[in-house]
Amino acid sequence: MKQPSSRIKTLKIDGQDVGAHEDETVLEVARENGIFIPTLCELEGLSPHGGCRLCLVEVKGINKLLPACVTYVEEGMEVTTNSTRLQEYRRTILELIFSEGNHICSVCVANGHCDLQSLAQKLGMYHVSVPYRHPRRSVDASHERFALDRNRCILCTRCVRVCDEIEGAHTWDVSGRGIEAHIVTDLNQPWGESETCTSCGKCVNVCPTGALFEKGKAVAEMAKKRGFLPYLTLMREKRTR
Amino acid sequence: MMIEDLQKISDAERAEAQKYEHHVHVCMETACIASRSDQVKQALTEAAERAGKPCRVKGVGCMGLCSAGPLVKVEPDGTMYKGVTPEDADEIVQKLGDSPVSRLECDTNVPFFQRQVKIVLENSGEIDPERIEDYVARDGYLALYTALTTMTPSEVIAQVAKSGLRGRGGAGFSTGLKWTTVAKSPGERKFVICNADEGDPGAFMDRSVLEGDPHAILEGMTIAGYAVGASQGYIYVRAEYPLAVERLKIAIRQAKRLGVLGENICGTTFSFNVDIRLGAGAFVCGEETALIASIEGRMGQPRPRPPYPAEHGLWGYPTLINNVESYANIVPIMRKGADWFSAIGTEKSKGTKVFALTGCIENTGLIEVPMGISLREIVFDIGGGIPDGKKFKAVQTGGPSGGCIPEEHLDMPVDFESLLQIGSFMGSGGMIVMDETSNMVDVAKYFMEFCMTESCGKCVPCRVGTAQMYDLLDKLTKNEATMADLQLLERLCDVVKYTSLCGLGQGAPNPVLSTLRYFRHEYLARIQEANHEAAFLTD
């Protein structure tokens, strides 16, 4: 989507001088330059969501913290991606995510292949200081090949977006509000009875945790195949923004 | 529609009014109707017929003192009656032109009425909101006509900018600047939206304006449409305001018939239509990007800004989105001039502000005061102080994103900056007064519960953070919390405030932070109580 006519901006990320197209986000430019900004809801090839708040960065001269995934570069911008304050906020946000659902790695199919787990390790979130909420959430195993365990869902909406934007089925959606929000298939019908689901499995593979998984996988066996993602990106690039 | 037509309607309306010696205004807004003002109006009409008096009974908008409703005002002598019942109708009609019915009389020579300055509410209580002729007779649509026929769009924007008007939805962004941005944003189409999704607990300013003077909003929006180059407007009003919706529908129909809305307004090439969109009960849809998503038919969830709606709004087009009260200020500014408006208020906050005064206060109702008035004047003079000899404790402004202001800051002038400085927020205008019997931890818990249930669930800090903070506050109110819980609460306040996506989450910790700032001892007392209980149990 980098238009040939787009102008070039120069900016600083963590003190490093970088150049970028004006239609690139801070996150994209940081990645190009090997600067790590944590993300969870973001997935290259899908529309931005801005919900996990892990990619928040500091920009000099701006009071608010800005999500790198939807903040476009500007000339002379000075971005800090990893201050002590940001690190603390990110750890607390991860703690909040862990406290919200029932994330028990040792019994999870995605153990060892989980974006949430590896991010917690990477960001040094060694314990959860907010009380666990231990919600009672349902599991939907009505689909022939896949299953949904809402206990492990972090509401990143990657499944909703990939199904709508790439597969074009729009089987998934979010129902409810706030802490009660949860994902549903069709109009809250069992997944196995969904008339729109094409059983393509894209949602399972983009899911960052073990919330969506293939049946028949045991603990730590659910490795997500994201090899098709470059194709998704390509497909999106052919669309007009 | 030409200026002569407006004049003709206005003259006819005034001539009709002159036929009557007495005018009886009955409040026909939600609060008064709830205490049977519709029956009062019916009874008064019948009584007037029976008595054969030259008297016209008219349903009007809010007259302010909602706690004393149903309110009835008799013109030209200006007598106000409170708590009128249908049974009082005959007596009131009998005494017209004679001495007033003393047992029902409401003294208007008190600060509640005297200290107010009416700009937004200038027609409220004076005109019949269901008759456009009544609005025209008070120079309605004259400002629109003048703007369309004698001013360029940039001149209109310049006048709004010069007035110093700031958005009345809460944050106080310069209205002129917003209009300029939309006007300058390139787009084949542009939209004007009126945010009437008023949802703060205890706030009913916008409802009163819509119910009492709907044409002022239509006229303000049409002027805005002309200024920014839009031809379509939407009023996003919550479905919980059926009367406001009904009156808006009537107003739109009448305005179209008169040619002041629709195609080729006032005989010019400018066309502007307004449609109503109903909110489905989500508080977060008052946030502009969520509101736009809701109009588009998508889930009412905010998206990160920038891009702001001024650049990328409804269906991706430049969109002007202002609050009801902001639009209500436009007509007076256009009619009386920017200098007149900017002479009212303080250096940085011009004009007036409408507040819905509620809680432990003598005079509950709707007030409009100049910016810069002190909170003390509002609470003790206009509001009449705390009933039953109780002591004042705090006043809460800014709804769930606001804060509690204690006695020591009552002399603060009410303007955007001062309220922020003391840890509160202007907000849309809800003002809840609390007396000494209120416990501030309970207050904080109440607002947190509101934010928790109204959080849309899109971003983690707001979705989970408000729920966790609510649980901690619940623990505190049950005397089960420890110092560690309080520390965690403070840490979560910080995270949620600075990392949430939209104003709902960013503002959600404010009630906790402000009560911690001024009433920390009440939190500590709860923890101490918990310690005592724990000690007792282990003994």
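Chain A is divided into domain 1 (8-82) and domain 2 (94-238). The model described here is predicted.

**Domains of chain A**
- Between the C-alpha centres of domain 1 of chain A and domain 2 of chain A there are 25 Å.
- Contact between these two domains involves 11 residues of domain 1 of chain A and 17 residues of domain 2 of chain A.
- On the side of domain 1 of chain A that touches domain 2 of chain A, six residues are nonpolar, four are polar and one is charged.

**Domains of chain B**
- Chain B is divided into domain 1 (19-109), domain 2 (132-342), domain 3 (352-438) and domain 4 (441-538).
- The centres of domain 1 of chain B and domain 3 of chain B, taken over C-alpha atoms, are 30 Å apart.
- Five residues of domain 1 of chain B are in contact with five residues of domain 3 of chain B.
- The side of domain 1 of chain B that touches domain 3 of chain B consists of three nonpolar and two polar residues, with no charged residues.

**Contact between the chains**
- In the contact between the two chains, 24 residues of chain A meet 25 residues of chain B.
- Helix H2 (residues 84-100) of chain A supplies seven residues, the largest share of the side of chain A that touches chain B.
- That side of chain A comprises 15 nonpolar, six polar and three charged residues.

**The largest nonpolar core**
- The largest nonpolar core has 245 residues.
- Which residues have the most contacts inside this core? They are Cys159(A), Leu44(B), Ile217(B), Ile223(B), Ala224(B), Leu320(B) and Met448(B).
- Ala224(B) is in contact with Trp179(B), Val192(B), Leu320(B), Tyr327(B) and Ile330(B), when its neighbours within four places in sequence are left aside.

**Helix H4 of chain A**
- Helix H4 (residues 158-167) of chain A is mostly covered, with seven of its 10 residues buried.
- Gly168(A) follows H4(A) and has a positive phi, near 80 degrees.

Methods
Residues are numbered from 1 along each chain as its sequence is written. Chains are lettered from A and ligands numbered from 1 in the order in which they are written. This is a predicted model: local features need pLDDT of at least 70, side-chain atom pairs count only at pLDDT 80 or more; totals for chains, interfaces and linings use all residues. Two residues are in contact if their C-beta atoms, placed from the backbone, lie within 7 Å. Helices (H or I, at least four residues) and strands (E, at least two) are DSSP runs, numbered from the N terminus. Ala, Val, Leu, Ile, Met, Phe, Trp, Tyr, Cys and Pro count as nonpolar, Asp, Glu, Lys and Arg as charged, and the others, Gly among them, as polar. A nonpolar core is a set of buried Ala, Val, Leu, Ile, Met, Phe, Trp, Tyr and Cys residues joined through C-beta atoms within 7 Å. A residue is buried if 20 or more other C-beta atoms lie within 10 Å of its own, exposed if 12 or fewer, and partly exposed in between; C-beta atoms are placed from the backbone. Domain bounds come from an automatic or database domain assignment.
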